[in-house]
Amino acid sequence: MHDLSPAAWQPLLTTRTLGRGAVICEHTLASTNTVLKDFARKGTFREAICLCEQQTTGRGRLDRSWSSPEGQGVWMSVLLQPGLPPERLPLLTLCAAVAMTQALRALPGCGARIKWPNDVILCGRKVCGVLLEAGFAPDGRQFVVIGTGLNVRREAYPPELADRAIALEEVCPPPERSALIAAYLNHLEEAIRACESGYIPGFLKTYRNFSCTLGSAVQVIAPAETYAGTALDVDDSGALLVRAEDGSVRRVLAGDVSVRGMMGYV
Ligand code: BT5
């Protein structure tokens, strides 16, 4: 049995609903996020999971590309209808990062951390990225697609990214991908339910514990300007609060900015 197939990971789920409905599992897709967005826009599914062995045009944020070669990682997206107001949707990126971090921290020697907003970091390098996209179904309801790219094998990323990317197998013997998928979905449902049912402060406490951004000197690269400051906190919609060098505290939203550590990638 193929370790991406739902027959391998659905028996490991402890979720109430997440991962128990429609699943699209293919060998090759352009982008699992694009597949689910297309289905959601047509009204075909309200909730679904999509995963594949390789993506031909895996996407990152801001039109960047995501390397996703055959058999080297978990390239997966989750479609759902969020029970959060639109201004809180960025929290879902944090939910995915927390869920993946929790799934990885259960493995020996895997002290995963989160670089705000969407990078899961191992040994100072990126092991997983999250791409959150939102839209409207034909019935007018909002949907979100939460994509995650997890590097499992060394060839998941090209050599030119070796200074900032890492794969799980460089840190520990990776478990079957089915176990990683189930652990992630189990934690993801828990994180989303916490946020949807008003436990955002508790969720943010967990996020802060895993963050390697908070308290650090950062550079914020926004379309209109680049500035330096100190990352202070995240607020209850998932925005990063940065004290700029002029003393003002600025609210940074994930959509169109990059945040770099002053001492390197993290
Ligand atoms: C992200 O964007 O980190 C979001 C990545 C989301 C990928 C998943 S895979 C399943 C789903 N379907 C999709 O089409 N996408 C999602 P961003 O923060 O913009 O980071 C992109 C940058 O990370 C690139 O410009 C590269 O520098 C670097 N990168 C590309 N591939 C990588 C990899 N496999 N590992 C680590 N870094 C990578």
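Visitor: What makes H4 largely enclosed by the rest of the structure?

Guide: In this predicted model, 14 of the 20 residues of H4 are buried. A residue counts as buried when 20 or more other C-beta atoms lie within 10 Å of its own, so the helix is largely enclosed by the rest of the structure.

Visitor: How do you know that the reach of H4 is close to what is expected?

Guide: The expected span is 1.5 Å times one less than the number of residues. H4 has 20 residues, for which 28 Å is expected, and its first and last C-alpha are 28 Å apart.

Visitor: Which strands does H4 lie across?

Guide: Helix H4, residues 177-196, lies across strands S3 (73-80) and S7 (142-151), and runs at about 30° to S3. Just after H4 comes Gly198, with a positive phi of about 90°.

Visitor: Why are S1 and S4 said to stand at the edges?

Guide: The open sheet has seven strands in the order S1-S2-S3-S7-S6-S5-S4, with mixed pairing. Strands S1 (22-29) and S4 (113-115) each have a single partner strand, so one side of each lacks a neighbour in the sheet.

Visitor: How do you know that S5 and S6 pair?

Guide: Pairing needs at least two bridges. Strands S5 (119-122) and S6 (125-136) have four, in the antiparallel sense, so they qualify. Leu122 stands opposite Arg125 in S6.

Visitor: What makes up the shell around the ligand?

Guide: Its residues divide into 10 nonpolar, 15 polar and four charged. Gly counts as polar here. Of the 29 residues around the ligand, Ser31, Gly60, Gly129, Gly147 and Gly149 come nearest. Helix H2 (32-42), S3, S6 and S7 each supply at least two residues of the shell.

Methods. Residues are numbered from 1 along each chain as its sequence is written. This is a predicted model: local features need pLDDT of at least 70, side-chain atom pairs count only at pLDDT 80 or more; totals for chains, interfaces and linings use all residues. Two residues are in contact if their C-beta atoms, placed from the backbone, lie within 7 Å. Axes are lines fitted to C-alpha atoms, for helices over the stretch in contact, and angles run from 0 to 180 degrees between N-to-C directions. A residue is buried if 20 or more other C-beta atoms lie within 10 Å of its own, exposed if 12 or fewer, and partly exposed in between; C-beta atoms are placed from the backbone. A residue is near a molecule or strand if its C-beta atom, placed from the backbone, lies within 6 Å of it.
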